[in-house]
Structure formats: C-alpha cells, structure tokens
Amino acid sequence: MYLIHVRLRAPVGMPEPPGLAAIIYSYPRTAGNAGGEEGCGLEHVSVHPRPGGGVTLGLFLLAPSLAAAEKSAVRLVEGALADRPDVREHAVDGVEAVLVPGPWWGD
C-alpha cells in the first residue's frame, strides 16, 4: 500500500467544498463514471488544509509499484474533479509519495 499526497489548489476566493474526501472516495465507485477507475486500489482518502490555501489529499492506494500508485492517484483525482461541477475548477498542483520514517532510520 502506498500513501500518495495530491496537492490541490482552488480558484482564488473559492473555499474547499465540504465532503471533498467523500467526493474523491466515491468517484471510482460511481456507476458509469467516465474515468473507468474501478480497481484503482483506493482504500482511504484524507484531506488536510494547507497554510495559504489549497489542500493536500492523502490517498492510500493498493498498487503494484510506486509509479503505478502515483499515476492512479492523478487519474483518480483529476477524474473526480472533472466529474463534479462544484470542484471542477480545482486543479492538481503536485503529486508525491510520502516517506514515512521507520525505526530503521535511527534518530
């Protein structure tokens, strides 16, 4: 499982819509979505506001590789944004895997 951060920016003056995590999470499960993202491996979505505006989405994805997880995250988020008029003007501002320190890294 991979944790991929997707940074979103909203148009100036537009707040993040309530339920953004649910919008992203439900997209691959929506019947007839144009993105065809069934089987994208999405397990969980969290939303974290960024200082100065925008949000960072944390997507937990099951994928065969890091590259596949990053590609799936971008397709999924861009598809969900395009599918909903209330978030269509938001844009992906960056995508990256998250490095989580483990006990093997030392102090």
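Predicted model: local features only at pLDDT ≥ 70, side-chain atom pairs only at ≥ 80, totals over all residues.
Four strands form an open sheet in the order 2-3-1-4, and their pairing is antiparallel. The edges are taken by strand 2 (42-49) and strand 4, and because each of these has a single partner strand, one side of each is left without a neighbour in the sheet. On average, neighbouring strands of this sheet are turned by 20° against each other, direction ignored.

Helix 2 packs on the sheet, where it touches strand 1, strand 2, strand 3 (55-61) and strand 4, and its direction makes about 35° with that of strand 1. Strand 1 and strand 4 run antiparallel and are joined by 6 bridges; I4, for instance, has A97 in strand 4 as its bridge partner.

## R7 in strand 1

R7 lies in strand 1 (residues 2-9) and is partly exposed, with a relative accessible area of 25%. Not counting residues up to four places away in sequence, R7 touches R50, V55, T56, A91, V92, D93, G94, V95 and E96. With one of these residues, E96, the side chain of R7 makes a polar contact, side chain to side chain, at 3.4 Å. T56 is 49 residues from R7 in sequence, yet their C-alpha atoms are 4.4 Å apart in space.

H90 is placed in the loop between helix 2 (66-83) and strand 4 (91-97). Its relative accessible area is 6%, and because buried means under 20%, H90 counts as buried. Leaving aside neighbours within four places in sequence, H90 is in contact with R9, A10, P11, M14, P15, E16, P17 and L81.

Definitions and conventions
Residues numbered from 1 in each chain as written. Heavy atoms only, no water. Helix = DSSP H or I, 4+ residues; strand = E, 2+ residues; numbered from the N terminus. Buried < 20%, exposed > 50% of the residue type's maximum accessible area, 1.4 Å probe, protein only. Contact = heavy atoms within 4.5 Å. Polar contact = N/O pair within 3.5 Å; in protein donor to acceptor, adjacent residues only side chain to side chain. Pairing = 2+ DSSP bridges. Axes fitted to C-alpha atoms, helices over the stretch in contact; angles between N-to-C directions.
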